[in-house]
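Dear colleague,

I am handing over the structure we spoke about, with the sequence alongside it. My notes on charged and aromatic side chains follow below it.

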Amino acid sequence: MIKAVTLLICLLVQSSLFAQDNLSALIPFPNKIVQKDMQRKFTIAEGTYIELSSDSLSFEAEYLQKMLRERMGVTLSIKKGPAKNGKAIKLEITPSIKGREHYVLNISDRGISVTGATRGAVFYGITTLDQILLGDIINTKQRRVSALLIEDQPRIASRMLMLDPARHFLPIDDVKLFVAQMAKYKYNVLQLHLTDDQGWRIEIKKYPMLTDIGARRNPKGGMKGPDNGFYTQEQLRDLVRYAADRNVEIIPEIDIPGHTSAIIAAYPQLGCKHTDTLTKVIGKNMNLMLCASNDAVYEMYKNIIGELAAVFPSKQIHLGGDESVIEENWAKCDRCQSLKKRLNYEKDSSLMNYFFGKMLSFVREEGKLPLLWCELDNIRLPASKYLFSYPKDATLISWRNDLTPKCIELTRQSGNPLILAPGEFTYFDYPQYTNDLPEENNWGMPITTLKKVYAFDPGYGLSEQDQAHIVGVCGTLWGEAIKDINRAFYMTYPRALALAEAGWTNMEHRSWDSFRDRMYSNLSYLLKAGVSFRVPFELAQKEGNRDGVAHGLFENIGHMIGATAKTGTDLLNALMEPVYVASEVNPVEEAEKRREKKRENLDQSQGIGR
């Protein structure tokens with residue numbers, strides 16, 4: 001028990017011991033930083049205010065106001081346009097800045113400015129400022145911010161996380177909480193997996209049985225999860241607005257033609273004829289598919305897609321297209337086989353061309369573009385071509401273990417945009433450590449450690465030209481074993497911090513050692529925010545000289561509390577003793593003096609003059 005507690009202490013206090021400066025909590029790390037004279041600081045004092053260039057930045061100004069109140073204990077007034085007196089934190093949209101998420105954060109002793117081409121860019125400048133205050137603890141407590149210039153924009157356009165409330169329903173407020181945290185790390189897309197064998201989670205007004213039957217997996221359970229529940233269209237519109245304020249786009253996914261037991265349970269006539277006599281059980285993987293030859297399927301989905309498009313303003317709708325068990329459905333269906341013969345297809349899988357030809361036309365009629373999971377002619381290597389012909393306006397998502405390089409090659413040749421969600425790097429439902437969660441529905445999942453996620457290069461070492469069609473990265477969180485938001489957070493963080501940096505930061509600015517040190521302040525923040533992340537205790541056990549690091553850590557903590565501590569037991573005993581500080585000593589000033597002394601010693605050792 002003592003060992004476990006001391007490891008937790010190590011991880012959470014490490015930021016205050018080894019990283020107390022204005023760069024020490026930046027995740028993802030910016031792509032361009034200009035350090036100014038560290039002695040020049042902007043002090044937030046009486047009369048300081050938040051200045052916004054237009055009313056369109058009202059949310060960003062209020063977000064900044066709340067952030068400063070939490071970090072510094074001060075509430076600044078918000079004013080539109082320049083004021084004659086006082087020092088300001090200025091928020092401004094500057095259309096001349098190239099790049100939709102390109103922001104400039106400029107801190108001097110005269111003030112702070114955050115500018116960007118869009119509201120989202122300005123929001124990202126504010127989140128970076130928040131992390132500056134988080135890391136630079138001593139200055140923040142004195143309401144000071146060191147001079148700094150950051151000019152930053154992402155490497156990858158779409159940085160996505162995926163939630164799966166179809167398997168286990170997550171109440172709408174929990175999804176909002178998830179959005180709020182991902183936005184802090186500059187994720188800009190949440191993919192919502194709304195339908196699957198285990199449930200249909202979106203209200204479709206024209207077809208109420210989809211939720212009357214399809215959203216109720218457990219007859220004895222209530223409608224607030226984990227087995228039962230669905231989102232009304234108004235709830236989802238509210239979620240879309242909430243996310244948009246934080247520069248997060250919501251992309252809905254309704255999976256077809258497989259993963260459709262829930263809708264077929266509600267409307268059995270949509271399945272292939274030979275499955276009519278099967279008892280449909282929601283939640284059981286029955287390998288059912290929509291019938292490719294049934295006109296009622298297409299009529300119904302035309303209406304469903306129409307309602308979906310009216311709820312979600314995103315330019316994209318995800319229609320799945322993965323893991324269809326064609327040999328158990330279309331290959332045994334007399335109607336589908338007649339259609340195959342009429343179309344002169346040789347393979348049953350070719351019916352996917354007919355099926356999606358119709359379905360994607362409904363997406364286009366709504367002014368949207370399709371997203372599909374990338375399926376190849378084999379589920380593992382060797383694979384050589386697509387399962388069926390994807391239209392060029394479809395963005396594909398690679399996902400199967402080890403097949404992403406082939407997907408990159410094929411999409412480059414076919415001209416399809418590609419989002420990367422390789423199972424070996426970004427499947428966050430996989431365990432993070434040996435014998436770690438999930439404890440159920442674990443089919444022998446590979447272990448995806450924090451360090452492995454950080455090693456992910458979205459460009460796979462290819463030339464700039466050969467990776468130009470890669471438009472996104474996605475961390476997926478399949479929900480078979482995720483029954484509530486606490487488990488979702490546990491599986492997501494801290495791995496989502498690593499993926500955030502992989503998607504945003506250019507490879508030349510990335511370093512595992514740097515990321516690891518910057519992570520600790522963020523883990524402390526997540527703990528205070530009530531986010532049930534997994535503590536990466538293995539870093540304290542395996543990184544570097546375990547004993548030397550631990551002993552040095554205990555000695556430093558002991559010094560902070562005025563005790564001698566060389567082991568975890570010493571430290572715990574010391575923490576239980578009362579600590580008295582003389583009233584004339586300012587601990588913040590003393591810590592500042594110690595930090596300056598360390599800097600002087602470091603400069604002298606490196607031959608740097610001041």
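K332 counts as partly exposed, because its relative accessibility is 47%, and in this predicted model its side chain meets that of E328 in a salt bridge, at 2.9 Å from N to O. E328, at 38% relative accessibility, is likewise classed as partly exposed.

The count of salt bridges for the structure comes to 34. One of them joins K176 to D238, with the closest N and O atoms 2.5 Å apart, and this pair links distant parts of the chain, since K176 belongs to helix α5 and D238 to helix α7, 62 residues apart. K176 is buried, with a relative accessible area of 15%, whereas D238 is partly exposed at 29%.

A further salt bridge brings together the side chains of R518 and E501, at 2.8 Å from N to O. R518 lies in helix α17 (residues 512-528) and E501 in helix α16 (residues 495-504), so the pair ties together parts that are 17 residues apart in sequence. Here R518 is buried, with a relative accessible area of 3%, and E501 is buried at 0%. There is also a network of salt bridges that links D164, R167, D196 and E480.

R246, which lies in the loop between α7 (233-245) and β13 (249-256), is buried yet has no salt bridge, and the nearest side chain of opposite charge, D245, is 4.6 Å away. If its neighbours within four places in sequence are left aside, R246 is in contact with F59, F123, A180 and A183.

Turning to the rings, a search of the whole structure finds 27 aromatic pairs. F178 and F489 have their ring centres 5.7 Å apart and their planes at 25°, so they form a stacked pair. Because F178 lies in helix α5 (residues 172-184) and F489 in helix α15 (residues 485-492), this pair ties together parts that are 311 residues apart in sequence; both residues are buried.

Finally, two lysines sit over rings: the charged end of K358 lies over the ring of Y298, 5.4 Å from its centre, and K186 lies over the face of W504, at 5.8 Å from the ring centre.

Methods. Residues are numbered from 1 along each chain as its sequence is written. This is a predicted model: local features need pLDDT of at least 70, side-chain atom pairs count only at pLDDT 80 or more; totals for chains, interfaces and linings use all residues. Side-chain values use heavy atoms; hydrogens and water are left out. Helices (H or I, at least four residues) and strands (E, at least two) are DSSP runs, numbered from the N terminus. Buried means under 20% relative accessible area, exposed over 50%, partly exposed in between (1.4 Å probe, protein chains only). Lys and Arg count as positive and Asp and Glu as negative; His and the chain ends are not counted. A salt bridge is a side-chain nitrogen of Lys or Arg within 4 Å of a carboxyl oxygen of Asp or Glu. Contact means heavy atoms within 4.5 Å. Rings of Phe, Tyr and Trp (its six-membered ring) pair if their centres lie within 6.5 Å; planes under 30 degrees apart count as stacked, over 60 as edge-to-face and the rest as tilted. A charge sits over a ring if NZ of Lys or CZ of Arg is within 6 Å of the ring centre and within 35 degrees of the ring normal.
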